Amino acid sequence: MRAPPPAAAAFDAAVVGSGPNGLAAAVALAQAGRKVVVYEASETIGGSARTLPLTLPGFRHDVCSAIHPMAKGSPFLSTLPLAEHGLTWIDPPATVAHPLDGQPAVLQYRELDRTAETLGADRDRYAGIVGPFVAGWSALSRDGMAPVGGIPSRPVLMARFGLHAMVPATTLGRTIFRDERTRAWWGGFAAHSCLPLDRSPSAAIGLMLLLAGHGVGWPFPRGGAQAIPDALASLLRSLGGEIRTGVHITDLEQIETDGPVLFQTSPPAVAEICGDALPERYRRRLQAFRWGPGIFKVDWALSQPIPWADPTVGRAGTVHLGGDLDSLARSERAPWQGRVDERPFVLVCQPGAFDERRAPAGRSTAWGYIHVPNGDRQDHTAIVEAAVERSAPGFRDCILARHVMTATDFAVHNDNYVGGDVNGGANDLDQLFTRPVARLDPYSTPNPRLFLCSASTPPGGGVHGMAGWYAAQSALGRPLRPPEAA
Ligand SMILES: Cc1cc2nc3c(=O)[nH]c(=O)nc-3n(C[C@H](O)[C@H](O)[C@H](O)COP(=O)(O)OP(=O)(O)OC[C@H]3O[C@@H](n4cnc5c(N)ncnc54)[C@H](O)[C@@H]3O)c2cc1C
């Protein structure tokens, strides 16, 4: 096994990749007094949390992530003084809306009671089941976003959560809800798992997101997702860290430290970059990592906010389209079978309706995406726009310009999106908790100087920085415990 070369040891530690996890890792190391350098292949920082003028002058679009319950509720990011570095949150009046043909839309509000009131026959069951988890949200989010193996701070609550969460989303929806409207609404949360809804742990991912809606909301950063990495980078620089953009790391020789190196790259890229600094058997396991479906996304510059047929849908930052629970289940099975359903689940985000910095006065922005087979090259604009038009007649007339990204475009945009998978790998039971290789400390590697910190390590995809936090703890030789609450 080759040791990484002791290149000019200008830094105590290095991080490869400036996405939310890489920057969180760098901040945690800098807080521990290490002089850190971050290398980023692109000319700008942020990884999947970037905001760019993709369409017309004056319109700003989130290229990837836009909705940030996990960032606002992150046990690590929430301890940082990011407001002092320019991050402010916008909370739309409702978190999620689920329009249904010919019926009122179902909405989630931050307030549990207000949400329960909209759920008809399921009102009391919803409040009874979800209430204790919402009350314990802070502990649940800390335990739920930690790597497996630790002792939960609220074991009874966590066990109760597990009973509900470790079944397929379709089973949970049909067991606890009576009303088809509520079941459909629940299916929208679970569809974020990017798994067939009749497979575990689709319910676990859906439940965490639903509870986050009550616990912290589903906010947007003012001005765009880019505000999150920008604030982290500003904090890092204030702690003495440096960031080098336009540096694509392909070899350990490029890295200017003889201290720990944390890779926020995909597992196969780690194997390639590190070569025989890692044992061949471990590299083979990194290369065998499995990927989930890709994403097809359309960004719109709009002449006005989306004209939803049910105006209550305009209160929500995020809108789930795709009909009832059976239709959603059919849609989310399709990408795993190499196809796209004719009426897919469409995730719509409408930040421009709430944030004046996204578009010129009176105008708006929104995006919509669907799950597609990994590596898909097709343009699915027509079915995405048909889905929005169905719930918002006249929508097409509001489109001033659009920007389209296929799954393969995402893979080119960010090396970590292998085949367009934006979750850092398939979220199935075999991989979600033990990614990318089953080890007691999944952030460590057989080489004591090399660590992993991307979304391909626990707790997986999303902008939360927790993989970065835990990888930094591992590199500092500390136990893998959640950070102290702020
Ligand atoms: C369309 C879309 C919508 C999404 N929506 C949301 C959402 O609303 N909310 C949410 O929480 N999450 C969302 N996500 C997922 C989320 O953005 C990612 O899971 C998360 O950003 C992963 O973070 P990360 O820090 O591990 O890596 P990334 O953010 O992917 O960053 C990886 C960085 O490493 C760099 N890099 C890779 N290899 C190298 C190398 N060899 N040398 C130098 N640099 C390298 C890349 O250029 C990139 O900048 C979305 C993703 C997409 C694509």
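Colleague: What are the numbering and the confidence limits here?
Modeller: Residues are numbered from 1 along each chain as its sequence is written, and side-chain values use heavy atoms, with hydrogens and water left out. In this predicted model, totals for chains, interfaces and linings use all residues, local features need pLDDT of at least 70, and side-chain atom pairs count only at pLDDT 80 or more.

Colleague: At what angle do the axes of α1 and α10 cross, and are the two helices roughly parallel or roughly perpendicular?
Modeller: Helices (H or I, at least four residues) and strands (E, at least two) are DSSP runs numbered from the N terminus. Axes are lines fitted to C-alpha atoms, for helices over the stretch in contact, with angles from 0 to 180 degrees between N-to-C directions. Under 35 degrees counts as roughly parallel, over 145 as roughly antiparallel, 65 to 115 as roughly perpendicular and the rest as oblique. Helix α1 (residues 20–31) and helix α10 (residues 227–238) have axes that come within 9 Å and cross at roughly 25 degrees, and therefore α1 and α10 are roughly parallel.

Colleague: Which residues of α10 does α1 meet, and how many of the contact residues are nonpolar?
Modeller: Contact means heavy atoms within 4.5 Å. From α1, P20, L23, A26, V27 and A30 meet P229, L232, L235 and L236 of α10. Ala, Val, Leu, Ile, Met, Phe, Trp, Tyr, Cys and Pro count as nonpolar, Asp, Glu, Lys and Arg as charged, and the others, Gly among them, as polar.

Colleague: Is α4 oblique or roughly parallel to α6?
Modeller: Helix α4 (residues 123–135) and helix α6 (residues 155–165) have axes 10 Å apart and pack at about 140 degrees. That angle makes α4, relative to α6, oblique.

Colleague: How many residues in the contact of α4 with α6 are charged?
Modeller: G128, I129, P132 and F133 of α4 make the contact with L157, R160, F161 and H164 of α6. By class, the contact of α4 with α6 has five nonpolar residues and two polar, and the charged count is one.

Colleague: How is α5 placed against α6, roughly perpendicular or roughly parallel?
Modeller: L140, D143 and G144 of helix α5 (residues 137–144) meet L157, M158 and F161 of α6. The α5 and α6 axes come within 10 Å and cross at roughly 75 degrees. That makes the placement of α5 against α6 roughly perpendicular.

Colleague: What is the distance from a ligand oxygen atom to a polar backbone atom of N21?
Modeller: Among the 35 residues around the ligand (a heavy atom within 4 Å), N21, E40, I67, Q264 and G462 come nearest. A polar contact is a pair of N or O atoms within 3.5 Å; within protein, one must be able to donate a hydrogen and the other to accept it, and residues adjacent in sequence count only if both atoms are side-chain atoms. A ligand oxygen is 3.2 Å from a polar backbone atom of P20 and a ligand oxygen is 3.1 Å from one of A66. For N21, the distance is 2.8 Å.

Colleague: Where is C194, with its positive phi?
Modeller: Most residues other than glycine have a negative phi, and most peptide bonds are trans. C194 is not a glycine, yet its phi is about 60 degrees. C194 sits in the loop between α8 (180–190) and α9 (202–215).
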